[in-house]
Amino acid sequence: MSERDIERRWWKEAVVYQIYPRSFNDSDGDGIGDIPGIVEKVEYLDDLGVDVVWLCPVYDSPNADNGYDIRDYRAIMDEFGTMADWETLLDELHARDIKLIMDLVVNHTSDEHEWFVRSRVEEEGYEDFYWWREGRDADEVSWSAKEGPEGEAPPNAWKSFFGGPAWAYDDGREEWYLHLFDVKQPDLNWENPRVRDEVFDMMEWWFDKGIDGFRMDVINLVSKPDGLPNDPEDPFGGAMSQSTNGPRIHEFLSEMSERVLDDEYLTVGEMLGPEMPMAHARRYLDPDEDGLSMLFHFEHMLLDRGDAIWERGEWALSDLKAVFNRWDEGLEEVGWNSLYLNNHDQPRMVSRFGNDGEYRRESAKLLGTLLHTLRGTPYIYQGEELGMTNYPFDSLDEFRDVDTLNPLRNAIADGDVESFDAVKEVVRANSRDNARTPVQWSSDPNAGFTDGEPWIPVNPNYEEVNIESERRDDDSVWHYYRDLISLRSEYDVVVYGEYDPLFPDDDTVWVYTRTLTGEESDEQLLVALNFSDDEVAVGLSEVVTSDHATLLIGNYGDGGDGDAGADAEGELAAGDLHLRPWEARVYHHER
Ligand code: NOJ
């Protein structure tokens with residue numbers, strides 16, 4: 001292990017907790033979570049033991065995409081409170097040694113942002129803040145836009161990630177503007193140095209207010225290639241393949257790094273794309289290049305997905321392992337991994353990768369064990385710490401998300417999908433709204449989230465799955481998460497140990513070691529996870545044996561089952577390790 005690999009950083013040792021404010025806690029009864037609601041729960045976060053909060057957008061926004069369409073970067077959304085409330089939140093977190101990172105959404109703004117309002121009328125200095133283009137002759141293309149002028153097609157064949165063309169026609173300017181996401185989210189033109197100046201000034205403004213870093217929304221899309229070429233191989237006509245990791249991306253990000261970032265900040269870039277070339281990833285994270293702390297890739301999130309929200313693929317454990325193994329190896333000595341299995345854009349992990357029925361508790365703990373014992377920084381998404389599950393959506397009225405509703409409505413209108421019922425099961429499993437139902441605080445009405453009418457339905461299982469009952473029960477997912485979090489500060493090997501996967505092709509168990517050797521320590525973890533409803537035996541005799549290993553943590557809460565190759569005290573002997581359904585065990589030994 002090189003010197004650099006073991007370079008200590010506070011954010012490598014941290015656990016991040018992600019808050020989606022709209023669904024976290026409502027303090028004023030309007031059915032929408034808010035900042036004072038988060039302040040009420042700071043003590044809760046401290047009890048859980050997390051080190052950092054990542055706050056999804058709380059800026060002023062018309063909410064076409066729940067705050068990812070920003071109207072004013074320096075103001076707080078009315079529904080969420082005031083800047084004074086935000087300052088209170090920062091102070092309360094900092095008073096407990098919890099850091100705060102904000103969401104930076106600068107690939108696009110809202111169409112109601114003053115820059116766009118000015119650009120729309122070609123006000124001097126703002127003409128090129130966004131991507132404006134002339135349309136094409138509709139005869140040149142095989143399809144035409146529904147909203148453009150007669151006989152005119154959008155400038156290219158790019159499709160929005162939220163459905164429909166990636167271009168909208170502006171009647172005033174008589175040109176089309178690019179929006180990779182919703183029509184109300186026009187893409188900023190980073191080619192224009194004034195755009196970059198404005199973005200960097202705004203970042204500086206928030207750093208001056210005392211924040212500890214940024215999560216950067218779809219940041220690898222900000223450089224688009226000259227001529228915006230089409231790509232027939234891309235399901236989005238080129239929007240995805242041409243915009244991701246574009247020609248000037250490293251120039252833009254290293255400029256950002258030089259002008260406004262600091263080593264001590266936590267920066268994590270969300271990076272879209274079906275597969276991230278490792279050479280790009282290393283440049284994003286190399287301290288001598290773009291210098292981000294971490295990135296979020298999507299490779300594991302796409303394993304069970306098709307191109308559309310009503311399509312589904314099969315995932316195998318060996319594929320999931322292969323993604324994590326590739327990233328651990330790929331970033332070695334240069335970068336650091338982020339570890340997540342769900343967030344506000346993904347279904348709940350226990351429903352997706354675990355068993356949210358009979359083994360909900362065991363599998364939620366097992367997935368947590370994985371995230372907290374791989375090499376990287378774990379990100380907990382609100383509600384994950386109690387094993388919250390997907391919502392049993394039954395009709396289109398229950399969804400709120402543009403990314404579910406837009407593509408589905410378009411497809412039904414175009415006849416590509418017969419009806420919602422025809423694709424219900426799959427949409428239900430895939431929708432981002434699964435993550436956005438309110439946090440289940442208690443068995444009180446609306447799960448204790450609000451005294452009013454919640455903006456999105458509460459999962460009906462809240463009477464059974466809620467924080468209050470989890471905290472009362474020592475054997476709960478919540479208590480287990482708390483133990484996992486605290487392991488990080490107790491054992492260096494959990495943070496810095498080298499990761500070595502065993503049995504990479506096995507589709508039932510995930511087994512690996514983490515090893516830390518150095519002047520001060522020589523210790524190892526053995527992690528064994530059974531991803532199935534059946535008992536399995538893992539043949540360990542050839543790989544690891546130790547007569548003085550202790551069971552550090554296990555999700556059956558009983559220190560081993562006697563004949564499992566590890567006795568009640570957790571001694572790990574040569575032979576088979578028997579794992580019960582969804583059992584997770586982590587052994588530790590000094591060598
Ligand atoms: C990624 C965000 O996480 C998602 O919620 C949002 O819809 C898109 N970027 C567009 O900002």
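Tutor: Strands and helices here are DSSP runs, of at least two residues (E) for a strand and at least four (H or I) for a helix, numbered from the N terminus. The model is a predicted one, in which local features need pLDDT of at least 70, side-chain atom pairs count only at pLDDT 80 or more, and totals for chains, interfaces and linings use all residues. Residues are numbered from 1 along each chain as its sequence is written, and side-chain values use heavy atoms, with hydrogens and water left out.

Strand S12, residues 266-270, pairs with S13 in the parallel sense over three bridges; two strands pair if DSSP finds at least two bridges between them. Both belong to an open sheet of eight strands with parallel pairing, ordered S13-S12-S11-S5-S2-S1-S15-S14. Strand S13 (294-296) and strand S14 (338-339) each have a single partner strand, so one side of each lacks a neighbour in the sheet. Helix H5, residues 193-208, packs on this sheet and touches strand S5 (99-104) and strand S11 (213-216), where contact means heavy atoms within 4.5 Å.

A further open sheet has three strands in the order S6-S10-S9, and its pairing is antiparallel. Its edges are strand S6 (132-133) and strand S9 (167-170), each with a single partner strand, so one side of each is without a neighbour in the sheet. Strand S10, residues 175-178, is joined to S6 by two bridges. Tyrosine 177 in S10 is the bridge partner of tryptophan 132.

Technical notes
Axes are lines fitted to C-alpha atoms, for helices over the stretch in contact, and angles run from 0 to 180 degrees between N-to-C directions.
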